[in-house]
Amino acid sequence: MTKKDTEKGQAGIYISERDARMFKRLEKLIVDEQKFLIPRLTREELILATNVPKNKFAPLFRKCTGKSFNTYLNDFRLEHAAKLLVLHPEYKVEAVAEECGLPKMQTFYRLFLERYKQTPTQYRKKNRQK
């Protein structure tokens with residue numbers, strides 16, 4: 001494989017053009033079409049929709065993002081939740097969690113706290129639009 005046939009993924013690992021194209025198909029579906037908002041989005045659904053080989057799926061996420069599939073999805077979900085908390089103060093936290101694809105409150109709070117080092121309510125108050 002030549003340098004021309006590779007590019008560096010976000011994880012800093014060189015990936016082949018073929019792998020980069022496969023990941024771009026996955027990314028388009030997950031991000032551009034906002035599939036990350038589907039609470040029970042499965043690997044199998046994405047594999048079928050993008051024709052990415054099953055044995056390539058997990059390694060692609062690791063190589064291209066440095067994250068697991070679930071972490072990658074949850075990062076987008078949490079970003080979406082953070083925006084909703086600020087833009088829609090009338091939404092209950094439970095509604096935000098459900099809207100962003102994390103309907104289990106315990107999971108939503110744990111992930112939100114890990115990522116933002118504060119609860120969703122604290123985040124909303126601190127980032128309230130003026």
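Predicted model: local features only at pLDDT ≥ 70, side-chain atom pairs only at ≥ 80, totals over all residues.
Local features require pLDDT of at least 70 and side-chain atom pairs count only at pLDDT 80 or more, whereas totals for chains, interfaces and linings use all residues. Residues are numbered from 1 along each chain as its sequence is written, and side-chain values use heavy atoms, with hydrogens and water left out.

The structure contains 13 aromatic pairs. Rings of Phe, Tyr and Trp (its six-membered ring) pair if their centres lie within 6.5 Å; planes under 30 degrees apart count as stacked, over 60 as edge-to-face and the rest as tilted. The ring centres of Phe-61 and Tyr-72 are 5.2 Å apart with planes at 65 degrees, so this pair is edge-to-face. Phe-61 belongs to helix α3 (residues 54–65) and Tyr-72 to helix α4 (residues 69–87), so the pair ties together parts that are 11 residues apart in sequence. Helices (H or I, at least four residues) and strands (E, at least two) are DSSP runs, numbered from the N terminus.

Both Phe-61 and Tyr-72 are buried; buried means under 20% relative accessible area, exposed over 50%, and partly exposed in between (1.4 Å probe, protein chains only). Ring pairs also link Phe-61 and Tyr-72 into a cluster with Phe-23, Phe-36, Phe-57, Phe-69 and Phe-76.

The rings of Phe-108 and Tyr-109 have centres 6.1 Å apart and planes at 80 degrees, so they too form an edge-to-face pair. Phe-108 is buried at 0% relative accessibility, whereas Tyr-109 is partly exposed at 30%.

Tyr-14 lies in strand β2 (residues 14–16) and is partly exposed, with 43% relative accessibility.
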